[in-house]
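Dear colleague,

Please find the structure below, handed over for your use.

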Amino acid sequence: MALFGIDTSGVATPALSVQAAPLIGGPPKFWGRYFNGTSSNTYQYETSENAVLHQLGIPVLCLARQMKFVGDPAHAAAHARRNMQGVVDAFGAQYLVSSNLSPILYLDLEPESKNAAYILDQQYYAIWSATIVAGLQTPQGPIRFRPAVYLNQGDSRTSWLRINDACAAGAACVGVFPARYIRQNPDDKASPPPPSSALTWNDHDRMPSPNPITHGHANANIPVIAWQYYGDYPKHWPPGHHDPVHDEPIGGDIDFDMVNPAHENLVLSGLVPPPAAAP
């Protein structure tokens, strides 16, 4: 049976877990949150979430969010260190070291057509991933991390090619986590996602575009390890909406994710079961 989890921009709460449970056959098996490592950025994991998720028994999937700055390789190493430091600050160096954890950090890449700044620079990825692999040295001991990528399945085309080229040249990427949304009623943008019992994994349908890789670019055979299949649940139409084609429904804060059954052990090994309290 496939594993299903969620991710949110806001803090984890029992209410959000309960809200998601009917559509994924029970409580989420993981909870995705952002780790920037700086207090000036929004949408970060908060240490108060440790107690909540520990009590719920839900581990954390770690996302690295510097969406508009992935085109500038000059800051890639600093970004990676801040991402890792954010994880360490959230859970504590001693906890991560004593638990022998090696978190996977998923670099968040947003749709390229929305903003040219979302297009990944190949050298940025090479430097960011190398810094992630090097990990962090702390007084409590070294903490290992692993790099992965979250992107849009159809609208991260240039970034996907550059990731493959970077990995063919020696960069590391343990897997890719594409987003492609589906809903129960394709004609209603406010329709909820299908229940997890109706979903099956298909490798070809989850592969990012371009597929096959464009001639002249390397195919690094990066595995697709998870799929985000719905965003911003629950959705509803505002009163008086008139154009279901061009209008957008009002959305909530739950994104739904499915793990590739062939890579469950990898994904699970990169999660962080939170401690019972803030470090």
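Which residues does tryptophan 128 touch, not counting residues up to four places away in sequence? Tryptophan 128 touches Ala64, Gln66, Ala76, His79, Ala80, Asn83, Leu105, Leu107, Pro147 and Ala148, where contact means heavy atoms within 4.5 Å.

Please note that this is a predicted model, in which local features need pLDDT of at least 70 and side-chain atom pairs count only at pLDDT 80 or more, while totals for chains, interfaces and linings use all residues. Residues are numbered from 1 along each chain as its sequence is written, and side-chain values use heavy atoms, with hydrogens and water left out.

Nonpolar cores

Tyr125, Trp128 and Phe256 have the most contacts inside the largest nonpolar core, which has 61 residues. A nonpolar core is a set of buried Ala, Val, Leu, Ile, Met, Phe, Trp, Tyr and Cys residues joined through side-chain atoms within 4.5 Å; buried means under 20% relative accessible area, exposed over 50%, and partly exposed in between (1.4 Å probe, protein chains only). With seven residues, helix 3 gives the most to this core; helices (H or I, at least four residues) and strands (E, at least two) are DSSP runs, numbered from the N terminus. Another core, of 16 residues, lies apart from it and includes Tyr34, Ala148, Ala179 and Val267.

Aromatic pairs

The structure holds 13 aromatic pairs. Rings of Phe, Tyr and Trp (its six-membered ring) pair if their centres lie within 6.5 Å; planes under 30 degrees apart count as stacked, over 60 as edge-to-face and the rest as tilted. Phenylalanine 4 and tyrosine 229 form an edge-to-face pair, at 6.1 Å centre to centre and with 90° between the planes. Phenylalanine 4 lies in strand 1 (residues 4–7) and tyrosine 229 in strand 9, so this pair ties together parts that are 225 residues apart in sequence. Both residues are buried. The rings of phenylalanine 35 and phenylalanine 91 have planes at 45° and centres 5.8 Å apart, so that pair is tilted.

Ring pairs also link Phe4, Trp201, Trp227, Tyr229, Tyr230, Tyr233 and Phe256 into a cluster. Arginine 206 lies over the face of tryptophan 201, at 5.6 Å from the ring centre, and over the face of tryptophan 227, at 3.5 Å. A charge sits over a ring if NZ of Lys or CZ of Arg is within 6 Å of the ring centre and within 35 degrees of the ring normal.
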